[in-house]
Amino acid sequence: MMVKAVKPRAGSQAASRPQVFRLDEAGITFTEIEPPIEDEAGLLPQIAEPHPRRRLGLAGLFWSGLGGLVSLGAGLAVWKLVEDLFARADWLGYVALGFAALLAVATVSIIVREGLALARLSSLDALRERAMAALAQDDRPEAEAVTRALLGVTGAMPSLARARAELTTHLGAIIDGADLIRLTERSLMAPLDARASQMVADAAKRVSVVTAVSPRAAVDLLFVLYTALTLMRRLSSLYGGRPGALGMVRLVRHVVSHLAVTGGMAAGDSLVQQLVGHGIAARVSARLGEGVVNGLLTARLGLAAIAVTRPLPFAALPAPRLSDVASGLVRADEEPAPPQAGIKRAGKASGE
Amino acid sequence: MAPRSRFLEDARIGFRAVADRVEDLARPTLRLGVTGLARSGKTVFTTALVQALRVGGRLPVFEPYASGRIASATLQPQPDDAVPRFPVEDHLLALEARTWPASTARVSELRLAVRHATRRGGMRTLTLDLVDYPGEWLLDLPLLDMSYSDFCDQSLSLARAPARREAAAEMLKGVETLDPAGPADETVARGLAARFTSYLAACRTERMAMSLLPPGRFLLPGDLEGSPALTFAPLDLKAGPAPPATLAAMMERRFEAYKSAVVRPFFRDHFARLDRQIVLVDVLAALNAGPAALADLERALDSILLAFRVGRNTLLSTLWRPRIEKVLFAATKADHLHRASHDRLEAILRRLVERAYARAQTGGASMDVVAMAAVRATREADVMRQGQKIAAIVGTPEAGQEAGGQMFDGSEEVALFPGALPADPQTLFAPAASGFRGMDSGDGDFRFLRFRPPAGIGSGTPLPHIRLDRALQFLLGDRLG
């Protein structure tokens with residue numbers, strides 16, 4: 001044991017001995033490290049590769065077979081159409097060929113765009129995971145990489161210019177890994193979080209009002225669906241995701257699974273409040289009660305979307321809670337119902 | 001101590017705590033203790049802390065400041081009129097003249113009123129009392145539970161340890177020739193106490209850098225110098241109580257006087273009232289001096305840590321016996337290392353305070369370790385020599401420092417590679433002092449020079465630092481929320 005401990009030191013070469021250099025000494029070159037401040041142009045967005053984990057299951061085989069057949073069929077149909085048109089008149093054929101080329105170019109670019117959007121989403125997911133790891137292990141190089149990547153992601157947001165510039169000057173300073181992640185979160189995420197909460201609150205309010213006044217259930221169903229989708233898309237764009245159509249599908253899946261995981265816990269903290277809110281509002285009017293419930297649902301969906309789309313975990317800043325985004329909604333709806341205050345107080349007292 | 005007087009003592013501390021809490025209601029106050037062994041950088045830290053709160057600076061990690069919530073911090077008259085004030089202005093002038101401020105030889109206090117906005121909005125004022133006291137005094141606290149014969153056993157066995165035997169030779173010779181049962185002669189007592197003191201002082205030099213040197217007030221006597229309470233020394237006691245009017249009886253009486261006149265008032269008036277504590281540790285000096293110094297530092301920290309009553313406060317303990325809720329251990333002078341080694345320095349300190357760490361965690365207190373420099377005296381640079389890149393630091397060594405056969409005049413800048421800290425701190429603590437070589441061997445594994453403060457800093461300008469913001473965030477961040 002003892003020998004083991006000594007050995008690396010005894011064998012330590014001259015490089016690890018203490019050394020003193022005069023600044024004008026011959027034979028050495030001397031470079032002072034300035035805090036590395038990089039210009040914004042150097043911080044290009046980093047788009048990570050999509051997950052390599054692609055399983056080729058039966059469903060995959062099925063879908064790729066079907067997709068291949070359908071695209072072959074479509075290609076054949078187009079080909080036939082062009083041939084028919086050529087048979088009819090040459091100029092018609094050329095026009096059709098032109099349209100077909102346009103179609104091909106557009107298809108390819110849509111595919112590329114969707115692919116990029118998907119890659120961006122997964123790079124944000126990867127970023128969040130890396131940030132969590134850096135927080136847990138206090139890993140400075142990793143934290144710096146995460147911060148640089150985020151500076152790139154938020155590079156297109158004009159309102160963050162000042163925060164970005166400040167953060168960039170801190171990159172060279174001696175800050176521990178976990179602290180750097182927290183600092184990044186405070187400077188870059190705080191303004192976005194405020195906007196995100198506002199968006200969720202607005203959407204929830206809109207949904208509850210529309211539900212309350214809509215003449216038919218089908219109308220508010222459609223409206224809720226539409227609002228929820230727009231909300232998710234806007235939140236994702238806000239945090240730098242800009243999802244395409246496929247990205248939206250994935251986002252919805254993530255949000256729903258997140259809701260499924262956290263739903264139970266969230267129910268615990270505010271179920272009582274929701275039930276109470278619903279009960280009072282429902283007593284005033286059934287439609288109003290449905291409005292509140294729909295609004296709360298939208299708010300909850302929005303919170304899940306925030307958790308899924310935000311590129312950093314909530315470490316330095318508190319995560320928005322249901323009461324933050326739904327308070328306006330509940331208060332606005334319940335103000336005409338004076339018994340609420342009394343019930344609330346009673347509920348609280350028994351809880352404490 | 002007799003049970004009755006112990007009860008009285010506890011009651012006094014308790015009433016003081018209740019009075020403090022009542023005062024808190026009117027004016028929220030946080031008492032922050034700054035301590036550390038000699039030359040660990042207490043004065044510089046306190047000065048830098050005050051300057052950071054008053055003038056600001058580059059403090060991105062200190063959230064209340066970085067988010068612009070601190071409106072102002074002003075110096076206030078301190079609450080205890082009998083305690084010296086921490087002369088922050090003088091220390092800033094010293095830094096401006098590129099010398100390190102004079103060291104802490106006694107307890108001093110400073111009160112700051114920090115006007116700040118809370119996170120939810122609305123202005124508050126937090127009164128911050130800084131209590132700066134020498135860490136040697138903490139080493140005295142275990143004496144409260146010791147009898148004179150315990151003290152003799154412990155200090156004589158320390159003195160006879162191989163690392164100290166040389167410095168203690170004079171004192172041990174004196175002890176061995178004396179008969180504890182001899183007559184109580186003042187001249188003999190003074191002679192022996194002088195030898196004891198000079199032995200303690202010899203252990204403190206840069207070459208030895210020993211830490212565990214109770215009684216602490218012998219090295220920093222202040223106005224008690226020459227009083228009987230500071231004129232005692234350990235004796236080779238025989239078993240059984242000392243007969244009256246012997247030398248042993250006189251020494252024992254003086255030891256008890258030291259406890260009641262020096263240790264207990266400090267505990268009651270200062271230490272028992274702290275809310276937060278930062279312990280500064282100069283790990284680098286111990287590495288400089290060698291394995292014996294490092295082992296001694298470990299023992300000293302251990303006995304310091306025993307003194308802390310740490311843990312989360314309960315409703316009752318908040319009122320009656322408040323505990324220290326947060327303790328930060330800071331390895332100071334991190335600017336003597338390249339940033340790549342800071343984590344390793346932190347790991348070494350973590351290893352040193354391991355046991356205390358575990359204890360605090362069971363008590364519910366929060367505790368952290370940081371490598372920092374309250375005032376950063378160096379810059380970093382890469383030196384290329386013979387195709388090898390060496391990560392060095394650049395600074396102006398103090399006059400009289402020497403390394404690698406060169407003597408510095410205090411005006412020339414040099415680049416220094418101080419040696420590589422091991423990735424695994426455990427290798428430094430290898431048994432039989434084989435982990436590394438100190439300065440005594442003539443070819444130490446580490447050489448940390450003392451650098452002068454950087455040029456161009458002063459009362460009106462922010463001070464350059466390393467991780468001071470992290471320390472502030474840990475110690476004050478939650479109370480400025």
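The model is predicted.

Chain A comprises eleven helices and two strands. Along the sequence, the order of these elements is α-β-β-α-α-α-α-α-α-α-α-α-α. The chain has 352 residues, of which 28% are buried. Among contacts in chain A with a separation of 6 or more, 76% link residues 24 or more positions apart.

The interface between the chains brings 42 residues of chain B into contact with 28 residues of chain A. On the chain B side, strand S8 (379-385), strand S9 (388-395) and strand S12 each supply at least two residues. Strand S8 of chain B gives the largest share, seven residues. By residue class, the chain B side divides into 20 nonpolar, ten polar and twelve charged residues.

Strand pairing also crosses between the chains. Strand S1 of chain A (residues 19-22) is joined to S12 of chain B by four bridges. The two strands run antiparallel. Within this pairing, A:Arg22 has B:Val414 as its bridge partner in S12 of chain B.

The C-alpha atoms of B:Ala430 and B:Leu212 are separated by 20 Å. Along the chain, these two residues are 218 residues apart.

Two further loop residues of chain B have positive phi values. B:Arg98 is not a glycine, yet its phi is positive, at about 60°. B:Arg98 sits in the loop between helix H4 (88-96) and strand S3 (108-117) of chain B. B:Arg98 counts as partly exposed because it has 17 C-beta neighbours inside 10 Å.

B:Ala245, also a residue other than glycine, has a positive phi near 65°. The loop that holds B:Ala245 lies between helix H8 (186-203) and helix H9 (247-269) of chain B. B:Ala245 has 9 C-beta neighbours inside 10 Å, so it counts as exposed.

Definitions and conventions. Residues are numbered from 1 along each chain as its sequence is written. Chains are lettered from A and ligands numbered from 1 in the order in which they are written. This is a predicted model: local features need pLDDT of at least 70, side-chain atom pairs count only at pLDDT 80 or more; totals for chains, interfaces and linings use all residues. A residue is buried if 20 or more other C-beta atoms lie within 10 Å of its own, exposed if 12 or fewer, and partly exposed in between; C-beta atoms are placed from the backbone. Two residues are in contact if their C-beta atoms, placed from the backbone, lie within 7 Å. Ala, Val, Leu, Ile, Met, Phe, Trp, Tyr, Cys and Pro count as nonpolar, Asp, Glu, Lys and Arg as charged, and the others, Gly among them, as polar. Two strands pair if DSSP finds at least two bridges between them.
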